[in-house]
Amino acid sequence: MQTRVAVMSIIVENTNSIETLNATLHEFRDYIIGRMGLPYKPKHINIISIALDAPQDIVSALSGRIGNLDGVSVTIAFSK
């Protein structure tokens, strides 16, 4: 199956969702190239950027699961 490189941007506003978010990312670890997380204390949020190399349906499945978490927003940018 063909893979694509994608960048997933995640903003966490509800810290109660972080444990579930980390468990979900761990499940998809074989597709993750790298991850960067930045706590932004003035706004009480966490900003996470994930680089992936995966089939598009895997990226969409991961995004859907993350987007369903309480207080978590996610967007994706794909390479061509």
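Which residue of strand 3 does Gly-37 stand opposite? Gly-37 stands opposite Ile-48 in strand 3, where helices (H or I, at least four residues) and strands (E, at least two) are DSSP runs numbered from the N terminus. The structure is a predicted model, in which local features need pLDDT of at least 70 and side-chain atom pairs count only at pLDDT 80 or more, while totals for chains, interfaces and linings use all residues. Residues are numbered from 1 along each chain as its sequence is written, and side-chain values use heavy atoms, with hydrogens and water left out.

Four strands make up an open sheet in the order 2-3-1-4, with antiparallel pairing; two strands are taken to pair if DSSP finds at least two bridges between them. Strand 2 and strand 4 (72-78) are the edge strands, each pairing on one side only. On average, neighbouring strands of this sheet are turned by 15° against each other, direction ignored. Axes are lines fitted to C-alpha atoms, for helices over the stretch in contact, and angles run from 0 to 180 degrees between N-to-C directions. Helix 2 packs on the sheet and touches strand 1, strand 3 and strand 4, its direction making about 165° with that of strand 4; contact means heavy atoms within 4.5 Å.

Strand 2 and strand 3 are joined by eight bridges in the antiparallel sense. Their hairpin has four residues between the strands, and His-44 takes a positive phi near 60° in it, although His-44 is not a glycine. His-44 lies in the loop between strand 2 (32-40) and strand 3 and is exposed, at a relative accessible area of 65%. The accessibility classes are buried (under 20% relative accessible area), exposed (over 50%) and partly exposed in between, for a 1.4 Å probe and protein chains only. Pro-39, in strand 2, also counts as exposed, at 55% relative accessibility. Not counting residues up to four places away in sequence, Pro-39 touches Ile-45 and Asn-46.

Strand 1 and strand 4 run antiparallel and are joined by seven bridges; Ser-9 stands opposite Thr-75 in strand 4. Val-12 is found in strand 1 and is buried, with a relative accessible area of 1%. Residues up to four places away in sequence aside, Val-12 touches Ile-18, Leu-21, His-44, Ile-45, Asn-46, Ile-48, Gly-71 and Val-72. The C-alpha atoms of Val-12 and Ser-73 are separated by 6.6 Å, the two residues being 61 residues apart along the chain. Between Pro-39 and Val-12, 27 residues apart in sequence, the C-alpha to C-alpha distance is 9.3 Å.

The largest nonpolar core has 16 residues, of which Met-8, Ile-10, Leu-21, Ile-50, Leu-62 and Ile-66 touch the most other members. A nonpolar core is a set of buried Ala, Val, Leu, Ile, Met, Phe, Trp, Tyr and Cys residues joined through side-chain atoms within 4.5 Å. Two or more residues each are given to this core by strand 1 (4-12), helix 1 (18-27), strand 3 (45-54) and helix 2 (56-67). Not counting residues up to four places away in sequence, Leu-62 touches Met-8, Thr-24, Leu-25, Phe-28 and Leu-52. Ser-63, also in helix 2, is buried at a relative accessible area of 13%. Its neighbours within four places in sequence left aside, Ser-63 is in contact with Met-8, Val-74 and Ile-76.

In helix 1, Leu-21, Thr-24 and Leu-25 are buried. These residues lie on the same side of helix 1 because they cover an arc of only 100° around the axis, the arc being that of the directions from the helix axis to the C-beta atoms. An α-helix has 3.6 residues a turn, so residues three or four places apart point the same way. The buried residues of helix 1 pack against strand 1, strand 2, strand 3 and helix 2.

The count of salt bridges comes to one, a salt bridge being a side-chain nitrogen of Lys or Arg within 4 Å of a carboxyl oxygen of Asp or Glu. Arg-65 forms this salt bridge with Glu-27, the closest N and O atoms being 3.0 Å apart. The pair links distant parts of the chain, with Arg-65 in helix 2 and Glu-27 in helix 1, 38 residues apart. Arg-65 is partly exposed, with a relative accessible area of 37%, and Glu-27 is partly exposed, with a relative accessible area of 48%.
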